[in-house]
Amino acid sequence: MIATVLLSIGIVFLAELGDKSQLMALTFALRYRWWVVLGGIATASAAVHLISVGVGYFLGSALPTRAISLVAALTFLAVGLWTLREHFRADDEDPAPKSLRASTAPFFVVLSAFLLAELGDRTMFATAALATDYDWVGVWIGSTIGMVAADALAIGIGILVGKHLPERAIGIGSGLLFLYFGAATLISTAAPSLSGLVVAALAVIAPALGAAVMLIVRALRPAPVAPDVPSAAPATDPELHR
């Protein structure tokens, strides 16, 4: 049992290094509190890896990964566009207050994003393969710990970077990264024969177009008209009425 846990931790930790989930964890850490992001990642990891060990150990079949990847890609694109829309405001527009933005349940945003991203990911296949030969409980525990540990490193980097960047830059950068994730997932799903470098090069087009569109929309937005402020009534000299 202990050997299975340690083996699963090592395999999943190495598989997650440089994976898109680490970039997602870094991106979320730039916007939300670190314990909220880590909690969402841990919950999503436990759920996804429970599914994967069930698939590998009990069912021996595959999930509809193509459909799941398509839903994940569209979700990332929608989140990216919404984030850019929020931060590409005119300077005279009042952004949403922090209390309102905090009420959008960031935990569930992180949870749903990681659930969609990890379903059908290479880590899930590795966990399912381990569960066919080893104790599924040990594989589930070890794979969850390994993924959380790898993403915790990215969260730490996000915290350090976030201390030196303004909130507006963080928000815009997060939106562009989500557009990249969505485009990369969509391209790799539609054309699985393409190499990773080609997918990465093509995916860069999405954040570039998103930023360009937001800048054009902001430039074409009419300038607000300042409200008329009534001038103070002139003082009357009491000597004139005598």
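Helices (H or I, at least four residues) and strands (E, at least two) are taken as DSSP runs and numbered from the N terminus. The structure is a predicted model, in which local features need pLDDT of at least 70 and side-chain atom pairs count only at pLDDT 80 or more, while totals for chains, interfaces and linings use all residues. Residues are numbered from 1 along each chain as its sequence is written, and side-chain values use heavy atoms, with hydrogens and water left out.

The protein contains eleven helices and zero strands. Of its 242 residues, 37% are buried (under 20% relative accessible area, with exposed being over 50% and partly exposed in between; 1.4 Å probe, protein chains only). Among contacts (heavy atoms within 4.5 Å) between residues at least 6 apart in sequence, 88% join residues at least 24 apart.

An unreviewed UniProt entry places the feature "transmembrane region" at residues 34-60, 67-84, 139-162, 169-191 and 197-217; such annotations may be inferred rather than shown by experiment, and the positions follow the numbering used here, with feature names shortened. Residues 169-191 are 96% helix and 0% strand, and their end C-alpha atoms lie 33 Å apart. For residues 197-217, the corresponding values are 95% helix, 0% strand and 31 Å.

Nonpolar cores were defined as sets of buried Ala, Val, Leu, Ile, Met, Phe, Trp, Tyr and Cys residues joined through side-chain atoms within 4.5 Å. The largest such core has 21 residues, and those with the most contacts inside it are Met-24, Phe-28, Val-37, Ile-41, Phe-76, Val-110 and Phe-114. Two or more residues each come from helix 2 (20-31), helix 3 (34-59), helix 4 (65-87), helix 6 (106-118), helix 8 (136-162) and helix 9. Helix 6 gives the most, with five residues. Met-24 touches Phe-76, Ala-113, Phe-114, Ala-117 and Phe-181, when residues up to four places away in sequence are not counted. A second, separate core of five residues includes Ala-183, Ala-184, Val-199 and Ala-203.

Thr-189 is found in helix 9 (residues 167-190). With a relative accessible area of 12%, Thr-189 is buried. Apart from residues up to four places away in sequence, Thr-189 touches Arg-66, Ser-69 and Leu-70.
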